[in-house]
Amino acid sequence: MAKNKNRIVSKKHVARQERERQQSALVRNIFIGVVAMVILLVGYGFLDQNILQTKRAVATVNGEEITIGQFEARVRLGRSGLINQYAQYLQLAQSFGMDFETQLSQIENQLYDYEAFGQSVLDTMVYELLYRQIAQEEGITFSAEEIEASIQEDLGYYADGTPTPDSEPAATVVEVSTLSPEQLELVTVTPEPTVAPTSTPAVEDAEPTAAPIPTMTATAFTYEGYQQTYAETLPLYEEYGVDEAGFRFLFEANQYYLALYDMVTADVENEGQDYIWARHILVDDPLVADVLREKVLAGEDFGELAAELSTDPSAATNNGDLGWFTFGSMVAPFEEAAFALENIGDVSEVVQTDFGYHIIQLLGRETRPMDANAYRSLKDSVFQEWITAKRDESNIEFFDIWQSSVPQDPDLQQALAQMYGQ
């Protein structure tokens with residue numbers, strides 16, 4: 001029977017085994033390191049693309065940042081709104097045969113001028129931050145409950161009932177002054193009173209007529225119905241990257257804007273507009289116009305000459321009477337000459353416009369309160385001047401990265417294909 005003998009391991013063999021073990025460990029560690037590096041690079045790329053990159057600022061407003069993520073979400077939301085408008089115009093055109101080519105072309109231009117659209121969205125976001133910052137400096141703040149109430153009302157829920165007027169407000173009638181003896185020598189018929197448009201509610205300070213007292217009626221919406229609508233509406237914003245905080249900020253920014261608008265325009269007075277009442281004779285030949293002007297100055301009846309010789313089709317029935325109008329209602333050369341007349345009965349020099357040659361006679365001049373639309377325009381211009389000055393005083397920085405961050409989706413053609421089929 002063979003005897004087991006202890007195996008004799010040489011130092012050389014041990015050293016070789018140790019080298020092999022070290023080499024294997026090194027290869028294993030290198031492999032693990034490479035795998036870890038790949039994982040880190042992929043993870044960082046994903047993190048940079050989806051988290052870190054979106055946190056970078058495209059602009060700052062007095063130190064407050066607008067991030068890429070916020071900017072991209074608002075651009076997508078804006079594009080979606082324009083596409084919906086486009087689809088509505090298409091539907092109206094197809095259903096009623098209406099021509100909306102101009103509106104459709106304008107929307108297309110906005111959607112495909114990516115940089116201009118991005119700049120517009122970014123400017124809006126800058127103003128939204130400014131509204132909040134300036135309002136808070138003025139001591140104007142809104143609680144979460146007040147913001148919630150504005151969201152509820154926007155979605156059609158009125159906790160205290162919907163305010164509705166008892167009846168339609170009457171049209172605002174601007175009275176025309178009684179004809180003076182000088183005017184009675186020139187005309188025998190008073191022009192029709194000017195009726196101001198009523199599509200825009202009258203502003204508080206104008207008070208042309210007594211406003212009906214609103215009554216509260218039961219809202220058609222329950223709170224549970226509002227909650228359901230809110231739950232259905234929010235995902236429509238989240239689809240484009242606007243989270244719930246961003247959704248609610250849209251209402252908050254609007255509340256700050258309205259508060260600042262009221263504050264800035266509170267003292268804007270309705271100082272009135274200059275109106276003139278005039279009539280004219282229109283002819284195609286400057287020599288004929290000179291002759292007719294001399295006849296008027298010699299005492300011939302302006303209205304009879306207008307009815308007989310004016311090329312203005314309406315002159316045959318109104319003796320060239322243009323009624324009352326404000327500056328900006330007529331073509332520039334005509335109204336400049338008309339408003340330059342000072343005394344009732346004054347006759348202008350011959351005035352050339354694209355329509356021909358005019359002789360104008362002044363029949364009346366007075367200042368009247370502005371209608372609701374004109375007064376609102378005045379207040380808008382006052383506020384715009386004020387907020388522009390505030391913006392100029394602010395520290396606003398734009399970073400070039402925004403130009404490469406303007407989304408081009410949702411795409412119009414793809415959206416239409418989904419709506420109407422290929």
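**Ground rules.** I number residues from 1 along each chain as its sequence is written, and my side-chain values use heavy atoms, with hydrogens and water left out. Since I noted that the model is predicted, I record that local features need pLDDT of at least 70 and that side-chain atom pairs count only at pLDDT 80 or more, while totals for chains, interfaces and linings use all residues.

**Overview.** I looked up the secondary structure and found 14 helices and 11 strands, where helices (H or I, at least four residues) and strands (E, at least two) are DSSP runs numbered from the N terminus. Of the 422 residues in the protein, 35% are buried, that is, under 20% relative accessible area with a 1.4 Å probe, protein chains only. For contacts (heavy atoms within 4.5 Å) with a separation of 6 or more, I noted that 76% are between residues 24 or more positions apart.

**The sheet.** I then followed an open sheet of three strands, in the order β2-β1-β11, with antiparallel pairing; two strands pair if DSSP finds at least two bridges between them. β2 (64-67) and β11 (396-398) stand at the edges with a single partner strand each, so one side of each has no neighbour in the sheet. The twist from one strand to the next averages 20 degrees. Strand β1 (residues 57-61) pairs with β11 over three bridges, and V61 stands opposite I396 in β11. Helix α2 (residues 68-96) lies across β1 and β2, and runs at about 55 degrees to β2.

**Helices α4 and α13.** The axes of α4 (residues 114-137) and α13 (residues 372-393) come within 11 Å and cross at roughly 90 degrees; axes are lines fitted to C-alpha atoms, for helices over the stretch in contact, and angles run from 0 to 180 degrees between N-to-C directions. That makes α4 roughly perpendicular to α13, a label for angles of 65 to 115 degrees. Among the residues that meet here, I marked Y127 and L130 in α4, and F383 and W386 in α13.

**Helices α9 and α10.** Which angle do α9 and α10 pack at? For α9 (residues 286-297) and α10 (residues 302-309) I noted about 155 degrees, with the axes 10 Å apart. That makes α9 roughly antiparallel to α10, as angles over 145 degrees are called. L292, K295 and V296 in α9 meet F302, L305 and L309 in α10.

Terms used
Angles under 35 degrees count as roughly parallel, over 145 as roughly antiparallel, 65 to 115 as roughly perpendicular and the rest as oblique. Buried means under 20% relative accessible area, exposed over 50%, partly exposed in between (1.4 Å probe, protein chains only).
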